[in-house]
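The sequence and structure come next.

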Amino acid sequence: MTLQTAIPCMIFRGGTSKGPYFRSSDLPRDVETRDKVLLAAMGSPDPRQIDGIGGADTLTSKVAIVGPSERPDADIDYLFAQVSVDKPIVDTAPSCGNMLSAVAPFAIETGMVRAQDGETHVVIYNVNTQSRIEAVIRTPGRMVQYDGEARIDGVPGTAAPIRLNFMDIVGSKTGSLLPTGNTIDVIDGVETTLIDVAVPMMMVRAADLGKTGFETPAELDADRAFFARLEALRREAGLRMGLGDVADMVIPKVAILAAPRAGGAIAARYFVPHKTHAAMAVTGGLCISSCSVLKGSVADGLSRAPAGDDREILIEHPAGLFDVALVTRGEGANMEVVSGGAIRTARRIMSGEIFVPGAIWSKQRVAEAA
């Protein structure tokens, strides 16, 4: 008889995403085995993820792996894993800023970080992007506060605000703001801006692909010819950005842009990349806001971003508005992105153990082998 293996975890809603959070020490060290465990935990590959805890959606098939950091400039390490719903793929190339929202609360709840009375600052090292983020958490009485007045579009109700201050965000995967050196690259007759701030992305004017930029996610997802063309452009963009063959990768991400209609700086539809995001990713929002102030980019002429180097950028998305505090210096190809900040919320949903088949990973066998 093969027993199941119990693995401690917590489930959090982080921003507009949701998934299990694991301590790195509770998962296999071997990457191949770890990925098999994550696939089993989420119930992939299966469109319903019926045999796991995945929510049959890319936004709810995400995993956070957290552990104490050995770096002198960080408190904890965070590795994000995007688990494919219908394919046996675990992608750790990108990051997720929404899941990041709950990393500091998870670290505090599990004792990895000691909370301060009133407010706790946690410096997170994002292993995916090799960058640091400061999370500011409300902790009255040295306990994480989840209730509060902050509201983010795409999530019902209100919760305590979590401030994320992103550092070292330029060139997350490519090493530069504009990997090709150009503010505009033409791919198959379509003008694009290939930019890397927090996540590498391909930006395209919605009108250049026959869209308004205000379609609902359902309307865009139903247009498979549109997605086929977008994917062809994305794969070429990946090659030009130095990312290689991105057919089985979720980066570069893609956004189509339009002039705002609701008082924002720019309107965007963000793709993950084979489905339309129901709201806006945090890393995607940082990249889109940077593009919105980049002179000569595809956003130039569409954007209504305020003037100045330190400004608030509002991105209109399917669920409402996404707010970015953006600090830049310079213009055009010489623009520097100094920092980006966002307000998110999180909630602890469940704490316990998840079970995976012992045939995939048996802690007992590992202990005996040691």
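Which element supplies the largest share of the lining of the second largest pocket? Strand S3 does, with 4 residues.

## Basis

This is a predicted model, in which local features need pLDDT of at least 70 and side-chain atom pairs count only at pLDDT 80 or more, while totals for chains, interfaces and linings use all residues. Residues are numbered from 1 along each chain as its sequence is written, and side-chain values use heavy atoms, with hydrogens and water left out.

Helices (H or I, at least four residues) and strands (E, at least two) are DSSP runs, numbered from the N terminus.

## Pockets

Pockets and cavities are found on a 1 Å grid over the protein atoms alone: a cavity is a set of points where a 1.4 Å probe fits but cannot get out, and a pocket is an open set with protein on both sides within 12 Å along at least five of seven lines. Lining residues have an atom within 4 Å of a point. Grid points are joined across faces, edges and corners, and a volume is the space filled by probe spheres set on the points.

The largest pocket has a volume of about 480 Å³. Its lining is made up of 19 residues, and Thr58, Ser84, Val85, Asp86 and His274 are the closest to its centre. By class, this lining has 9 nonpolar, 4 polar and 6 charged residues. Here Ala, Val, Leu, Ile, Met, Phe, Trp, Tyr, Cys and Pro count as nonpolar, Asp, Glu, Lys and Arg as charged, and the others, Gly among them, as polar.

The second largest pocket holds about 330 Å³ of space. Of its 16 lining residues, Ser24, Pro28, Arg34, Ile65 and Leu79 lie nearest the centre. H1, S3 and S4 each supply at least two residues of this lining, which has 9 nonpolar, 3 polar and 4 charged residues.

## Cavities

The whole structure has 4 cavities of 30 Å³ or more. The largest cavity has a volume of about 100 Å³. It is lined by 15 residues, of which Lys62, Gln82, Ser95, Lys253 and Val272 are the closest to its centre. The lining of the largest cavity has 8 nonpolar, 5 polar and 2 charged residues.

Helix H1 (residues 31-42) has 12 residues and reaches 16 Å from its first C-alpha to its last, close to the 16 Å expected at 1.5 Å a residue; the expected span is 1.5 Å times one less than the number of residues. Gly43 follows H1 and has a positive phi, near 85°.

Just after H5, Gly242 has a positive phi of about 80°.

## Cysteines

A disulfide is a pair of cysteine sulfur atoms within 2.5 Å, and the count by this rule is 0. Cys96 is in no disulfide, as the nearest cysteine sulfur, that of Cys287, is 15 Å away. Cys96 is buried, with a relative accessible area of 4%.

Key: Buried means under 20% relative accessible area, exposed over 50%, partly exposed in between (1.4 Å probe, protein chains only).
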